[in-house]
Amino acid sequence: MRQDQALAILQSGASTFITGAPGSGKTYLLNRFIAEEKNIGKNIAITASTGIAATHLNGQTLHSWSGLGIATSLTDDLYKQIRTRRKKAINAADVLIIDEVSMTPAWLFDLVDQVCRKIRNDSTPFGGLQVVLSGDFYQLPPVVKAWQHSSQHDVKTEEFRNRYKDRNPDGFITESFVWSQMGLQICYLTEQHRQNNGELLTVLTDIRQGTITDHDRNILLSRCHQIPLEDQVAVRLFPTNVQADRLNDQRLADLAGEEHVFLTESFGQSVTVKKLKQSVLAPDHLILKQGAAVMALRNDLEHHYVNGSLGTVIDFLPESKGGYPLVEFENGYITVIRPASWKMIDGDTTLAEVTQIPLRCAWGITIHKSQGMTLDAAMMDLRRTFTAGMGYVALSRVETLQGLFLEDINEKAFLISPYAQQLDQELKDLSEAVVQQLETEGIDSFSFASGSSLF
């Protein structure tokens, strides 16, 4: 499906699932839809499964918007708290956007649905909201499991287990109860804007289809042991945080020059601040030196850089002017990076706030944290991937084969979830049916499409 067709469906008011391969323009389409809907006075609740993903759309986490926090069930006390703090915002919303839904577990999706129905006093899915989902089930699955954060009584846990006895509560949102009730229009974007041509796109397509060939393997092997140019910043992608932190610490220590230390400032209750910090990539204790490779963690209002932009620290302002780092980004802009704030907001109340220089050392980051990013160049060792989709996510971060630098690779990098593969084909078929209906009957047939069911 083309982006203009998907946009027309979104503007019809239909609840929609936007999917497609990395680089197909899902985030671009959402940003365009958000801007146009806001322009006509719509109230858009912009959320994502994680804090990192939420920054791509200038939104907030689904946990924060719904008021659920780390809860795994909607108790009476929690509902009263949500009604007090979140009722106004939830009732005011016309559209709920949830980005990177592959990382949203089924139980959380159901829980947000329950909150919306009760708060909005409407028994239809999500209390009658137009729900716009975006994501790709070939990418990394949910990593937060219900049991990891459950501090509730064993009886509540048993109720939870009984409810999901025939489903996987920690699986994709397709395992949720509300998924089949939503009448979602499926928009599978087929245009490619990241790997717009060339051999890398062929490899990624074959991985998605489970048809990896010796030719594909040889293409990737040709990038093994290649070294970035001396002035080229290539991010190292790792399966784990420990590996990424170790490299960053080592490379920083190797640099000559004075250390410049920036400490996080925070406001709010310790538990809430801790939760907010978990969704923010900026380190508590940021140490930089001249020559440090860094990554921006926020979008710049003057459009000199965006979240994920790579650069190099070239100097620091005098201490009398804050001592802030001066960064030259790969796009050529040289910008002073001043402190930025991340907030956890409840209505008009700020529950927690964290302020830090929106940078982190970028010699290494985890594959999970790279999801949704577009990198000019990346280095990776794909012998150490440990879950389906991890190799695919890593490979699809770069735009061209020339931006890919492999230490090594093995067959684990090509692992794709069989369920994701089956589901993806079903979504393609449903999207094609939508395209045919759209081309035959026109957009008017979708005016009340959210009341129908294609899934």
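This is a predicted model: local features need pLDDT of at least 70, side-chain atom pairs count only at pLDDT 80 or more; totals for chains, interfaces and linings use all residues.
Where is the place of aspartate 424? That gets its answer in point 6, after a look at the rest of the chain.

1. **Ground rules.** Residues are numbered from 1 along each chain as its sequence is written, and side-chain values use heavy atoms, with hydrogens and water left out.

2. **The chain overall.** You'll find 15 helices and 20 strands here; helices (H or I, at least four residues) and strands (E, at least two) are DSSP runs, numbered from the N terminus. Of the 455 residues, 52% are buried, where buried means under 20% relative accessible area, exposed over 50%, and partly exposed in between (1.4 Å probe, protein chains only). Among contacts (heavy atoms within 4.5 Å) with a separation of 6 or more, 73% link residues 24 or more positions apart.

3. Six strands form an open sheet in the order 3-2-4-5-1-6, with parallel pairing. Strand 3 (60-61) and strand 6 (185-189) are at the edges with a single partner strand each, so one side of each has no neighbour in the sheet. Two strands pair if DSSP finds at least two bridges between them; strand 1 (residues 16-20) and strand 6 have 5 bridges. One to look up is glycine 20, whose bridge partner in strand 6 is leucine 189.

4. Strand 12 (residues 310-316) pairs with strand 13 (residues 325-329) over 5 bridges, and glycine 311 has phenylalanine 329 as its bridge partner in strand 13. Arginine 360 lies in strand 17 (residues 359-361) and counts as buried because its relative accessibility is 11%. The residues that arginine 360 touches include Asp245, Asn248 and Met295, not counting residues up to four places away in sequence.

5. In helix 1 (residues 3-11), Gln3, Gln5, Ala6, Leu7, Ile9 and Leu10 are buried. Their cover includes strand 1, helix 2 (26-39), strand 5 (130-134), strand 6 and helix 15 (418-441). Just after helix 1, glycine 13 has a positive phi of about 100°. As for helix 5 (residues 76-92) and helix 6 (residues 106-120), their axes come within 10 Å and cross at roughly 80°. Axes are lines fitted to C-alpha atoms, for helices over the stretch in contact, and angles run from 0 to 180 degrees between N-to-C directions. Helix 5 and helix 6 are therefore roughly perpendicular (that label covers 65 to 115 degrees; under 35 is roughly parallel, over 145 roughly antiparallel, and the rest oblique).

6. **Back to aspartate 424.** Aspartate 424 sits in helix 15. Buried or exposed? Aspartate 424 counts as buried, because its relative accessibility is 5%. Leaving aside neighbours within four places in sequence, aspartate 424 is in contact with Asp136, Tyr138, Tyr188 and Arg208.
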